[in-house]
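Hi everyone, thanks for coming. Today I'd like to walk you through a structure, one piece at a time, so please keep the picture open while I talk.

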Amino acid sequence: MTTEKEPLTPELMLAFYRRLYPFKSVFNWLNHEHTPTKLFTQREFAFTLQGDVYLRYQSFLSVEELKKQVCTMNPTRFEIGPMYSARPRDRKTVRPGSFTPLLRELVFDIDMTDYDSIRTCCSDAAICNRCWAFISIAVRVLDQGIRDQFGYKHLLWVYSGRRGIHLWISDKEAMALTDEQRKALVGWMTVIQGGKEMHKKVNVRVKSNPLPPSINMALDTLRERFVDLILIDQECFQSESGYEELLKLIPDNIAVSNLRTKWRNTERSSKQKWTDIKKEIRNAGGENTLRGSLIFAAMEDIILQYTYPRLDAEVSKHRNHLLKAPFCIHPKTGRVCVPVDPRTIEKFNPENVPTINQLLQELDLGSQDATQNSEHHSDWEKTSLKPYVELMDRHVLALMEEVRKSKRGAGSSQSSSEMKRLGASHSRLPCLLGEHARLSLHATIGESGKACEASSCG
Amino acid sequence: MYFSHHKKCREELRRRFVKAELALFKIRYETDDREERQEFMRVHKFGWAEADDKEMQLHGDKLAEASSWSTQAANAQEKYYKVKWTRVPDLVEKRRVFLKDGMAYVPAREQSSIVFQEFSSSLEKALERTAKELPRLDEDTRIVPILDNLSQGFLAGVSSEWTSASTTADGDEITADMVDELARKHFPMCMRNLHECLRRDRHLKHYGRLQYGLFLKVLGLSIDEAVAFWRRSFSNIQDDKFNKEYRYNIRHSYGLEGKRANYAAKSCQQILTSDQPGAQDSHGCPYRHFAPDNLQTALLSTYSSQGLTSSDLPEIMHTVKAGHYHVACTRVFEITHSAQEVKKGDGVGGGDSVTHPNQYAARSRELEKAILDARKADMDGDVPMS
């Protein structure tokens, strides 16, 4: 894994926020319109400051105010939460119980660590171009499934800066989903289940019936990628522990003992082993016999278990979950969390994502020959950040266009009725559930947090 | 503080109320005959469109697949209703409908599910509206006492969960040093597993910490002892990281941070149904979330010193297979406490089966204490040999 050689100093971060961070694009994306709406002014931002102080419930009236505050506080990163029923920074002045999250992008988080038990090339925080293939498959399947089954159109994929990817869905209906509906949607998309001690993690069939159509559709995509990634590239079944895991998933003692004998004595590639299983179906009398059909179904389930997207469900289930804003800098790698085009996800290489140092250097080079202008409005245009901001802007344009059309169609009162419709459903342990890692810093906020708030007022 | 507690209670009450009302409604709906049902549907106009022929042709095969994979063979003549998926979240969550472009195609036989969903969501909304009005009712001195009284009766009637939560089994506090021994003698399989994982990996993932930490809290581990316990257990982690990432959460679970809620330990029901363990997780219920062979190995290695043998396994695995995880757990309790004269059918006292890990541990400690007390009484009664 390549990491930034130079440390990320506060000076670098500040220069990045001042000159490069595309505040306007991010504002438009969150706000859906050009003039600030509640979607922006009642939106929670949370800052992680230098020294790991964590500040929640920040909110801003305009994009200028956001930029000013970011430059004042100079956070190592910041996160975006839901639109609440009141401005988060005024939450203590509203009646208790009436400060509730109302609207929020539907978000997904896919992290490479969930694939640690499968991938053979890296582990833990490491990610290479080879294991990125797991993520690209997940993107393909999820993107296709959500568009086809739920009909959502405004999907923004954002590289998380190290080993994962986030998805933000901004369709009007998606924004308004209750926690219960989010949970249902996650349930629909979830295929991999079961803890460490459960071998078989795919149990989506009822008895031995065929797979439900939505999963069958995913399987069509996965089948082909399974061969390239799992069998050829990762060689998941080459080692003894690798093929023993595989054998645990085959519900046929005769076939398993045949295969084990065969594999123990000779060196066979994962691809050959996969063919050997197919032969066992033939030995059992073909797919139409009971034994053959069970092995066949098991093979489908194995493809799913090794390649179907592994979702971090908690992130998606609750409206008040915070997620890192696009274009932040990942503190460990120095890479920008850039938007990614799902149509070319296979070509995306995380190692080629611009880092903060690289961008600032590009900027220095660019400004040497240009005339020294004091205002750097869109300095990102001079750097390799440009295509990513443009990708974001195209996404936002489509979103804004639709919002404008629906407003023209239905008059402007509808957004408020939409809000009334929303109940105040509560998640029982929001603090413990979703935000454990972040909240853990809350304890240290105390004095320094207040100091920061005070300094920003001045 | 008082108010938020009050509010929390009311939320819990509301949930229970909706659940009970829904159960009653289901019974009434199911005992109605067809005509009554049709009349009911006509009067209420739920606004479902029947899927038309064109759509039926377009999605025909998939509709059949979608509905046949979950239940009996599809009926070609069956009608489908087309509704926004957001109106049938429970069917979506279980993949019991066909979904296309945000519309759910609900087979007629699942129609009752839509009705039930509609019933509970409109009831919830009405209750929420009432809840918002309630502060104003506080001014009226007559109605609030009546409501409070009613709600208490309601809770008393429904609750069968183990509730002696915050009290420790014998009034003693336990310390971090005692956990190893207590685990060995008194913990149910889920907590034994978390304890072993913690000792082996010197770490537990978030939900594991939550499940185990709250259990230990209720068992009687004070906040200071809890911090000491986790600090020592995470022996690979530097102080700095521990203080930053874990101390807050431990204090939070004791109600000392954030919104200062006093969280109860998770019941079996919660462990079984919420926060399903992911691929790298160790929490959950072993009877439910372990592969059968791993469960058998784990049971033997965990409890053989307390008298569980491989001849007990078939019976336990049989109940596991039938989905009666609490029965399996209760049986393990009986077997491992046979030395304290617990017999089959005794359960965790009075024939009760396990509904809460703390109930399991508390009962186990009670039995031990009873024997110790008896022994002590014997000793005291003995005439010293001269």
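Let's begin with chain A as a whole. Of its 458 residues, 57% count as buried. Do keep in mind that what you are looking at is a predicted model. In secondary structure, chain A has 19 helices and 9 strands. The accessible surface of this chain comes to about 19400 Å², and 51% of that belongs to carbon and sulfur atoms. Now, what about the contacts inside the chain? If we take those between residues at least 6 apart in sequence, 70% join residues at least 24 apart.

Next, some background for the strands. Strands of a sheet pair through backbone hydrogen bonds, and the pairing is either parallel or antiparallel.

Please find strand E3 of chain A, residues 77-84. Is this strand mostly covered or mostly open? It is mostly covered, with 7 of its 8 residues buried. Which strands does E3(A) pair with? One partner is strand E1, residues 43-49 of chain A, joined to E3(A) by 5 bridges in an antiparallel run. In that pairing, Phe45(A) has Ile80(A) as its bridge partner. Another partner is strand E8, residues 323-324 of chain A, which is antiparallel to E3(A) and joined to it by 2 bridges. Here we meet Ile80(A) again, with Leu323(A) as its bridge partner in E8(A). Then there is strand E4, residues 101-103 of chain A, again antiparallel to E3(A) with 2 bridges. In this case Tyr84(A) stands opposite Pro101(A).

Let's move to another sheet in chain A. This one is an open sheet of 4 strands in the order E5-E7-E6-E9, with antiparallel pairing. Why do E5 and E9 of chain A each have one side without a neighbour in the sheet? Strand E5 (106-111) and strand E9 (339-340) stand at the edges and have a single partner strand each, so one side of each is left without a neighbour. If you follow E5(A) to its partner, you reach strand E7, residues 164-169 of chain A, which runs antiparallel to E5(A) and is joined to it by 6 bridges. A pair to look for there is Asp109(A) with its bridge partner in E7(A), His166(A). While you look along these strands, remember that in a regular strand the side chains alternate between the two faces of the sheet.

Now over to chain B. Strand E1, residues 49-50 of chain B, is joined by 2 bridges to strand E2, residues 80-84 of chain B, and the two run antiparallel. Glu50(B) stands opposite Tyr81(B) in that pair. E2(B) also pairs with E4(B), in the antiparallel sense, over 5 bridges. There you can find Val83(B) opposite Ala104(B).

I'll finish with a pair of aspartates in chain B. Asp101(B) has a positive phi of about 50° although it is not a glycine. You'll find Asp101(B) in the loop between strand E3 (98-100) and strand E4 (103-107) of chain B. Asp275(B) is not a glycine either, and it has a positive phi of about 50°. Its place is the loop between helix H12 (268-273) and helix H13 (286-289) of chain B.

How exposed are they? Asp101(B) counts as partly exposed because its relative accessibility is 47%. Asp275(B), on the other hand, is buried, with a relative accessible area of 12%.

Terms used:
Residues are numbered from 1 along each chain as its sequence is written. Chains are lettered from A and ligands numbered from 1 in the order in which they are written. This is a predicted model: local features need pLDDT of at least 70, side-chain atom pairs count only at pLDDT 80 or more; totals for chains, interfaces and linings use all residues. Side-chain values use heavy atoms; hydrogens and water are left out. Buried means under 20% relative accessible area, exposed over 50%, partly exposed in between (1.4 Å probe, protein chains only). Contact means heavy atoms within 4.5 Å. Accessible areas come from the Shrake-Rupley method with a 1.4 Å probe; for residues, only the protein chains shown count as cover. Two strands pair if DSSP finds at least two bridges between them.
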